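Welcome, and please load the model in your viewer. We will go from stop to stop, selecting a few residues at a time.

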Amino acid sequence: MSATSRHDPVFAAVDLGATSGRVITGRVGPDELELTEAHRFANTPVRLPDGLHWDVLALYQGMLDGLRAAARSGPVASVGVDTWAVDYGLLDSDGSLLGLPFHYRDARNAKAAEEVMARFDAQELYGIGGLQHLPFNTVFQLAAHRSTAQWPAARTLLLMPDLLVYWLTGSVGAEVTNASTTALFDARTGDWSDALIGRLGLERSLFPALREPGERAGTLLPHVAGFTGLPGDTPVTTVASHDTASAVAAVPATEPGFAYVSCGTWSLAGLELDAPVLTEESRAANFTNERGVDGTVRYLRNIMGMWLLEECRRTWERDGTPTGLVGLLADAARARPFAAVIDPDDPVFLAPGDMPSRIDAALTRTGQVTPGSPGGYVRCVLESLALAHRRTLREAAALAGRELTRIHLVGGGSRNELLCQWTADATGLPVTAGPAEATALGNVLLQARAHGLVGELTDMRGLVARTQELRHYTPQGDQEAWDRAADRLTVRV
């Protein structure tokens, strides 16, 4: 990253992921783009008697501490907030939060999803919302929530980033890229679906007015300004508040025909389109149509991602096995290729817990030999993810009528050289890896654009391509071996 002038405006990006949060400061100038981490804090879910929850108060405090650290780096021009999707808080008529928000991995969602889908036609739901069927979609979480004592008091639903923006500013709204992940959003009109909300028996008044990236959400409340040291008139700028939408906005694509994989806890693999794909073939393939920046559509599918590896490491750590990533990756590189492959989309891998045992069970069910070492498990996970990237991107291209020329792999997974190379090998396409901080970059750039410092989406991406460290991988190895492994991945359990 190039050094920027101390006189360039500072933008504070609050970026919350599934395992940690941080506040990043960004400086944007002509041909210069620099990020600095101001503060990092843990995101540790809490299991209570009624289920798994986010500790949103700890996240809020971490955000405030981060903004106070950001204030020391120079005059902050604005603040933007992004988080993961689908989860929400409910406010009562006084604007108070009704309990800790549930975690999307909570077990309550699976039963609620079955009940909703038994009452509605899947094709009809997809034809309006265009959303991938996942048991934790907001619509299913709301169905589960309606049986609680909190529900009669609920007056406003705020998705996680909108809740944090509300606590910063007192202003209520729903950012559109995150709203599009709820399955209560019309993929064609770009607005809440009154038809779906009504048929599900929900009150339309629960859902706030929509905001587009770049709009001003409000300014800091007096007590927030007092704690953080930021001026009271500091604006909070609406960014692409779904972290994947911000990451895709920062994909350093300078040519058409690109696909992307935003790889972290999840791998979000897909294409950027001008319009949704709402065909029955798309629904059957379980692709989602989510909003991106400037009215674009993120046509993608969720893949389980680095969650598989991190849950393995947590299990080994509890058992006293060394879990250093560098050593594990070196062992994986030496392990036998294609000894075992799993389908990362298998729902048995969704919940927290002993991941190596679940991988063993999946391999046994499909007649494969289980890995004999941590390095073998890591190779199994990474090769399987590369194969899942291949399957998803080829299906997306066929369904959207696109021809792919390059894959941009962004997010934390872009630092994993084995995953990047094996994705290139599996797909037969060149892979450009980086930036690892794509979400924070997208957050900062959308704030900078709202302040007139950056132009259109292509200009933002060109700036990322010119200023950030990228690595390039060309396909290597035996393509037929990947083809044979892909045939094994399609075995469903």
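Helices (H or I, at least four residues) and strands (E, at least two) are DSSP runs, numbered from the N terminus. This is a predicted model, where local features need pLDDT of at least 70, side-chain atom pairs count only at pLDDT 80 or more, and totals for chains, interfaces and linings use all residues. Residues are numbered from 1 along each chain as its sequence is written, and side-chain values use heavy atoms, with hydrogens and water left out.

Start in helix H14 and select Arg379 and Glu383: they are four residues apart, about one helical turn. They form a salt bridge (a side-chain nitrogen of Lys or Arg within 4 Å of a carboxyl oxygen of Asp or Glu), with the closest N and O atoms 2.8 Å apart. Arg379 is buried at 9% relative accessible area, and Glu383 is buried at 1% (buried means under 20%, exposed over 50%, partly exposed in between; 1.4 Å probe, protein chains only).

Next, pick Glu395, which forms a salt bridge with Arg301. This pair joins helix H14 (residues 374-400) to strand E18 (residues 297-303), 94 residues apart. Glu395 is partly exposed at 29%, whereas Arg301 is buried at 6%.

Finally, select Asp15, Arg22, Arg415 and Glu437, which are linked in a network of salt bridges.
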